[in-house]
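Below is a short briefing on one structure, grouped by topic.

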Amino acid sequence: MEENKKEWFNQSVEEIKEKLKVEETQGLSEEQVAKNREIYGLNELATKKKKSLFVKFLEQFKDFMIIILIIAAIISGVVGYYEGEGITDSIIILIVVIVNAIIGVAQENKAEKSLEALQRLSSHVVKVMRNRQYNSGTF
């Protein structure tokens, strides 16, 4: 990773102070804060657009083994139909694949809700120095 492309958390305090042109004893002025917000945006984590349940359900079928099972179910159904044995095996395989997808979506939703709950619990209050004064709050 190039030195000038390092993420903020990977940089030393000195590098950040130099990049933002800030004195540790003075903090940022309101003008500097406004300018930095224009350049870097707000100090928040990027969030992804949420997927619908239907899209999550369809994504469960992308796995290689699931595709193999679906192909096996189709072949089993075709062979069973032409040999007069019925398509019971292929129906069972497809039911297992669909139940697996439903369980996968349920687990994914549960994990997302847990992550959202953890984010709500995390502290959003910070202490900053602005115009030579310490301030606490959400910035």
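Ile66 is buried, at 8% relative accessible area (buried means under 20%, exposed over 50%, partly exposed in between, with a 1.4 Å probe and protein chains only). The model is predicted: local features need pLDDT of at least 70, side-chain atom pairs count only at pLDDT 80 or more, and totals for chains, interfaces and linings use all residues. Residues are numbered from 1 along each chain as its sequence is written, and side-chain values use heavy atoms, leaving out hydrogens and water.

**Surroundings of Ile66**
- Ile66 lies in helix α4 (helices are DSSP runs of H or I, at least four residues, numbered from the N terminus).
- Beyond its neighbours within four places in sequence, Ile66 is in contact with Gln60, Phe61, Val97 and Asn100 (contact means heavy atoms within 4.5 Å).
- The C-alpha atoms of Ile66 and Glu44 are separated by 37 Å, and these residues are 22 residues apart along the chain.

**Packing of α4 and α5**
- Helix α4 (residues 64-82) packs with helix α5 (residues 88-121) at about 160 degrees, and their axes are 8 Å apart (axes are lines fitted to C-alpha atoms over the stretch in contact, and angles run from 0 to 180 degrees between N-to-C directions).
- On the α4 side the contact residues include Ile66, Leu69 and Ile70, and on the α5 side they include Ile93, Leu94 and Val97.

**Aromatic pairs**
- There are two aromatic pairs in the structure (ring centres within 6.5 Å; planes under 30 degrees apart count as stacked, over 60 as edge-to-face and the rest as tilted).
- Phe57 and Phe61 form an edge-to-face pair, with ring centres 5.2 Å apart and planes at 80 degrees.
- Tyr81 and Tyr82 are also edge-to-face, with centres 5.5 Å apart and planes at 80 degrees.

Note on methods:
Helices (H or I, at least four residues) and strands (E, at least two) are DSSP runs, numbered from the N terminus. Rings of Phe, Tyr and Trp (its six-membered ring) pair if their centres lie within 6.5 Å; planes under 30 degrees apart count as stacked, over 60 as edge-to-face and the rest as tilted.
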